[in-house]
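Visitor: Please bring up the model, and we can go through it by question and answer.
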Amino acid sequence: MTVLVRADRPESDLSNDLHLRRHRPAQMSKQTPTRIFPAMLAIPLLVGGVACSEPAASSASQAPHTFTVTIENMRFDPQALTVKRGDRVVWINKDMFPHTATSAANAFDSGSIAADTSWTYVAGTPGDYAYVCAFHPTMQGRLTVQ
Amino acid sequence: MRVFVAACAGLLTLGGSAGAMAQNAGPTDPQIAAIVVTANQVDIDASKLAESKSTSKEVKEFAARMITDHGGVNKSATELVTKLHVTPQPNATSKSLQDGGDQNLAALKKLSGSAFDRAYVDHEVVYHQAVLDAVDQTLIPSAQNAELKALLVKVRPAFVAHLEHAKHLQAALGQKS
C-alpha cells in the first residue's frame, strides 16, 4: 500500500508537510510544551514511512516493485504512473473486449490483451513514455521510468 | 444521400421508441436485454460486410474493432442474462433496431468503393449516437436489476469511444474526396 501512496503523492508533497509540521511545534513550544511531543513523534514516523516506500533507501527494497494499471471503462487507471527501472507493471484488462498498451516511441507494446487477462512489462530504459490503446486511440496513458 | 436517409430511418425510430418508452413505462429488463443484444448484433453484421467489402485499411480496421468489441459486449450481456435467468424479449425498440440494421445492410450491399466506405462510416456515427442516447435516456434509467444496470453503465464508455473513432474516420474520408 505504501507503494500506491508514493505513486499518487510525490515526495515533494510529503516534504512540504514535514516542513509545516516542524514549524508549527517550534512556534507553539513556549505556550504549550506538552503538545510538542505527539507532534514531534509524528515526524520520525512520517520520515520512516517515506524511507520504507523508497526503494533506494534500504537494501530490503532493492527488489523490484510491482505496479498495476487497471484497464476499465475505456481508461487506464492510474492514467500516469512513475516506476523505477526493473519494476514490473501489470496491465489488467477488466473491460469486455481486448485492449493494448502501446508506447508511441515503440518502447513497449503489449499486443492484444484479451478481456479479463493481463500483460506484464518490466520497465527498461528510463524515460517518459506516452502510450495508447492501439485499438482505441482515445485511450491514453503515460509511464515514466526513472 | 437517399441511401443515408434510408439507412438512418431505423435509428430515428429507435430514438422515437425510446422517447415514447421513457414517457410511459420504460422497457422491462427482458426487453432491455433484447435491445442490447440486437443493437450489438446489427453493428456486427454491418461491420462484417465492411470488413469484407471495404478497400480502405482504416475502414477495415475500424470494422474489425466493431466486430470484436460489440462481440465482447454481447458475450458479457448473454452471460449476465443467462445467470439472471432473464430471457430477452423482442419489443418495438429491438424490432426497429433490427429493421434499421437490415435496411442499412441492403443499402450498403448496393455500394462499392469510397461510396460504400462513406455510407458505412456515416451510419456508424449515427448508429452509435442513437444507441448512446437510448442507453442514457431509456435503458440505464429503466433497468431494474443492479447487475444489468451496471453492465449498461460499463458499456457506455465503449460507445462514446466508438463514436469518436467513427467521427475521426468520417472526417478523414471527407478529406480524401
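**A loop residue, the sheet and the helices**

Guide: T138(A) has 16 C-beta neighbours inside 10 Å and therefore counts as partly exposed; a residue is buried with 20 or more other C-beta atoms within 10 Å of its own, exposed with 12 or fewer, and partly exposed in between, with C-beta atoms placed from the backbone. This is a predicted model: local features need pLDDT of at least 70 and side-chain atom pairs count only at pLDDT 80 or more, while totals for chains, interfaces and linings use all residues. Residues are numbered from 1 along each chain as its sequence is written, and chains are lettered from A and ligands numbered from 1 in the order in which they are written.

Visitor: Which residues of chain B does T138(A) touch?
Guide: T138(A) is in the loop between β7 and β8 (140-145) of chain A; strands (E, at least two residues) and helices (H or I, at least four) are DSSP runs numbered from the N terminus. Contact requires C-beta atoms, placed from the backbone, within 7 Å. Leaving out residues up to four places away in sequence, T138(A) touches A161(B), E164(B) and H165(B).

Visitor: How many residues of chain B are in contact with chain A, and what classes make up the side of chain A?
Guide: Nine residues of chain A are in contact with 12 residues of chain B. For the classes, Ala, Val, Leu, Ile, Met, Phe, Trp, Tyr, Cys and Pro count as nonpolar, Asp, Glu, Lys and Arg as charged, and the others, Gly among them, as polar. The side of chain A that touches chain B then comes to six nonpolar, three polar and no charged residues.

Visitor: In what order do the four strands of the open sheet in chain A lie?
Guide: Strands pair if DSSP finds at least two bridges between them. β3 (80-83) and β5 (102-103) of chain A are the edge strands, each pairing on one side only. The pairing is mixed, and the order is β3-β8-β7-β5.

Visitor: How many bridges join β3(A) to β8(A), and which residue stands opposite V83(A)?
Guide: β3(A) and β8(A) run parallel and are joined by four bridges. In β8(A), the residue opposite V83(A) is V145(A).

Visitor: Which residues form the covered face of β3(A)?
Guide: In a regular strand the side chains alternate between the two faces of the sheet. In β3(A), the uncovered face has A80(A) and T82(A), and the covered one has L81(A) and V83(A).

Visitor: Which residues have the most contacts inside the largest nonpolar core?
Guide: Such a core is a set of buried Ala, Val, Leu, Ile, Met, Phe, Trp, Tyr and Cys residues joined through C-beta atoms within 7 Å. The largest one has 63 residues, and those with the most contacts inside it are V89(A) and Y120(B). Helix α5 (residues 113-142) of chain B gives the most to this core, with 11 residues. Leaving aside neighbours within four places in sequence, V89(A) is in contact with F67(A), V69(A), L81(A), V83(A), Y121(A), A123(A) and L143(A).

Visitor: How are α2(B) and α4(B) oriented?
Guide: Chain B has six helices and zero strands. Helix α2 (residues 29-53) and helix α4 (residues 92-109) of chain B pack at an angle of about 5 degrees with axes 9 Å apart; axes are lines fitted to C-alpha atoms, for helices over the stretch in contact, and angles run from 0 to 180 degrees between N-to-C directions. Angles under 35 degrees count as roughly parallel, over 145 as roughly antiparallel, 65 to 115 as roughly perpendicular and the rest as oblique. So α2(B) is, relative to α4(B), roughly parallel.

Visitor: Where is the cis peptide bond?
Guide: Most residues other than glycine have a negative phi, and most peptide bonds are trans. P78(A) lies in the loop between β2 (75-77) and β3 of chain A. With omega about 5 degrees, the cis bond joins D77(A) and P78(A).

Visitor: Is H85(B), with its positive phi, buried or exposed?
Guide: H85(B) is in the loop between α3 (57-83) and α4 of chain B, and its phi is near 60 degrees. Because H85(B) has 6 C-beta neighbours inside 10 Å, it counts as exposed.

Methods
Contact = placed C-beta atoms within 7 Å.
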